[in-house]
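Here is a walk through a model with the sequence and coordinates at hand.

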Amino acid sequence: MRPQPDANAASAQVWDWLGQVSDPEIPVISIVDLGIVRAVEWQGDQCVVTITPTYSGCPAMQVIAESVSEALLGHGVQSVRLVNQLSPAWTTDWMSEAGKAALKGYGIAPPAQQVIDISGLHAGVKRSVLRPALTVDCPNCGSNHTELTSQFGSTPCKALYKCLDCREPFDYFKCH
Amino acid sequence: MKIDNKIKDAKINYLLRQGDNALILSQQLSQLCGKGPALEEDMALTNVALDLLGQTRMWYAYAAELEGLGRSEDDLAFLRDARQMRCCLLVEQPNGNYADTMMRQFFFDTWHYFFLKALVSSSDPRVAEIAEKSLKEVTYHLRRSGDLVVRLGDGSVESHAKAQAAADALWMYSGEMFIYDAVDTAMVELGVAPVADSLRADFLEHVAEIFAEATLNMPAADAWMQRGGKKGVHSERLGFILAEMQFLQRAYPGAQW
């Protein structure tokens, strides 16, 4: 019988491996930096990875699930099981600083607010409250003189902005 | 045992209503893909459609699991006829002009937002987590549709007239969600669903606030409201929507990716 791997050490290794799996839509950021991977756990010889969807209809989730299995099986893990967890719902607060920096380097402005407490968005639904004042820095020239073009962009997680100084349009990874 | 089954059926029915609302509106918005009045609007419409489709899957997955008959999410979407669909009449109203599309969206989003917000504290943990996930998305939907109603209403003479006509025509479909039947009431009694009165008050308050900013006249709150969708009595329009959406499964039964 094979000796059981030390569960903690092995989990740390799995986190490292998962840190090399990129988001299929935004390849500069890993799924760990994006905050999609919620838990890694060993149940006997089986590695159980808990992931959470960014948006409920995000078509990338299927690809991500396949990439996770593929990566771990490729590293010699015998058996992988994926658990899809809805609650607590994914938030951009779970994005790592490294992830935010990578987004910026890629030309996507990272989320500009902390949103763990989203009650402010909802209180009374006064329009001023529903639209929090937000400063988004241009990822190209760094100016904060920017303007929202559309709340919805090329993927569910992004909004469209334009810079009023360098005049470049850019994607903003919106708070969620 | 018999009572348990009755409650189970009511819950499945209730879950299907939520899934059907999201699916049919998603399908209608998807029909506008490539036809939006501006590129940004086109993308927004399809983003909202995608969110709603994701939400549909969560509701259907839970309904199918409770049902235990081995039906898949796809079976529920593609193998039920109009009489078996339980969406409210609002979501099957035609896309019409852009004021019609956005007014329908605004009424739906406003209800949806307050509904989900209340559903987060549902006694059914699975319902609560679906609501928690969906609410974040719907908050963005509501911000956008409210903004557009203001822009159209407080825009040009023509956009104002079209927005007012859309509001007047769609208003009679904005009340069905708040008229509870035996299924809704059973869910309220179990603590699964929120009561209608406070939802309706929040709905009316938000619509009034946006309409004031949009310089639109708000139709009478006590106007007659059409109903029937929840129990499967639809306009003929739903048949056409399903005919297109379900074409592949009707023409090639059992076809799979």
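A residue is buried if 20 or more other C-beta atoms lie within 10 Å of its own, with C-beta atoms placed from the backbone. Keep that cut-off in mind. The model is predicted.

Start with strand 6 of chain A, residues 158–163. Of its 6 residues, 5 are buried, so the strand is largely enclosed by the rest of the structure.

Now look at what pairs with it. Strands of a sheet pair through backbone hydrogen bonds, either parallel or antiparallel. Strand 5 of chain A, residues 146–150, runs antiparallel to strand 6 of chain A, and 4 bridges join the two. Two of the partners can be named. Glu147(A) has Lys162(A) in strand 6 of chain A as its bridge partner.

Strand 6 and strand 7 of chain A form a hairpin, with 5 residues between them. Arg167(A) sits in that turn and has a positive phi of about 70°.

Strand 2 and strand 3 of chain A pair in the parallel sense, over 6 bridges. Gln46(A) stands opposite Ser79(A) in strand 3 of chain A.

Zoom in on one residue. Cys47(A) is found in strand 2 of chain A, residues 46–51. Is Cys47(A) buried or exposed? It has 25 C-beta neighbours inside 10 Å, so Cys47(A) counts as buried. Which residues does Cys47(A) contact, leaving aside its neighbours within four places in sequence? They are Val14(A), Val40(A), Trp42(A), Leu72(A), Val77(A), Ser79(A) and Val80(A). Leu73(A) lies 26 residues from Cys47(A) along the chain, and their C-alpha atoms are separated by 10.0 Å.

Turn to chain B and its helices. Two packed helices are described by the angle between their axes and the distance between the axes. Take helix 4 (residues 98–119) and helix 8 (residues 196–213) of chain B. Their axes come within 9 Å and cross at roughly 140°. Helix 4 and helix 8 of chain B are therefore oblique to each other. The crossing of these two helices of chain B is right-handed.

Which residues meet there? From helix 4 of chain B come Thr110(B), Trp111(B), Phe114(B), Phe115(B) and Ala118(B). Helix 8 of chain B answers with Leu199(B), Asp202(B), Phe203(B), His206(B) and Val207(B). By class, this contact has 7 nonpolar, 2 polar and 1 charged residues.

Helix 4 of chain B also packs with helix 5 of chain B. These axes come within 7 Å and cross at roughly 145°. The crossing of helix 4 and helix 5 of chain B is left-handed. The residues of this contact divide into 16 nonpolar, 8 polar and 2 charged.

Finish where the chains meet. In all, 25 residues of chain B are in contact with 22 residues of chain A. On the side of chain B that touches chain A, helix 2 (39–67), helix 5 (125–153) and helix 8 of chain B each supply at least two residues. Helix 5 of chain B gives the most, with 12 residues. By class, this side of chain B has 7 nonpolar, 7 polar and 11 charged residues.

How values were computed. Residues are numbered from 1 along each chain as its sequence is written. Chains are lettered from A and ligands numbered from 1 in the order in which they are written. This is a predicted model: local features need pLDDT of at least 70, side-chain atom pairs count only at pLDDT 80 or more; totals for chains, interfaces and linings use all residues. Axes are lines fitted to C-alpha atoms, for helices over the stretch in contact, and angles run from 0 to 180 degrees between N-to-C directions. Angles under 35 degrees count as roughly parallel, over 145 as roughly antiparallel, 65 to 115 as roughly perpendicular and the rest as oblique. A crossing is left-handed if the near helix is turned anticlockwise from the far one by less than a right angle, and right-handed if clockwise. Two residues are in contact if their C-beta atoms, placed from the backbone, lie within 7 Å. Ala, Val, Leu, Ile, Met, Phe, Trp, Tyr, Cys and Pro count as nonpolar, Asp, Glu, Lys and Arg as charged, and the others, Gly among them, as polar. A residue is buried if 20 or more other C-beta atoms lie within 10 Å of its own, exposed if 12 or fewer, and partly exposed in between; C-beta atoms are placed from the backbone. Two strands pair if DSSP finds at least two bridges between them.
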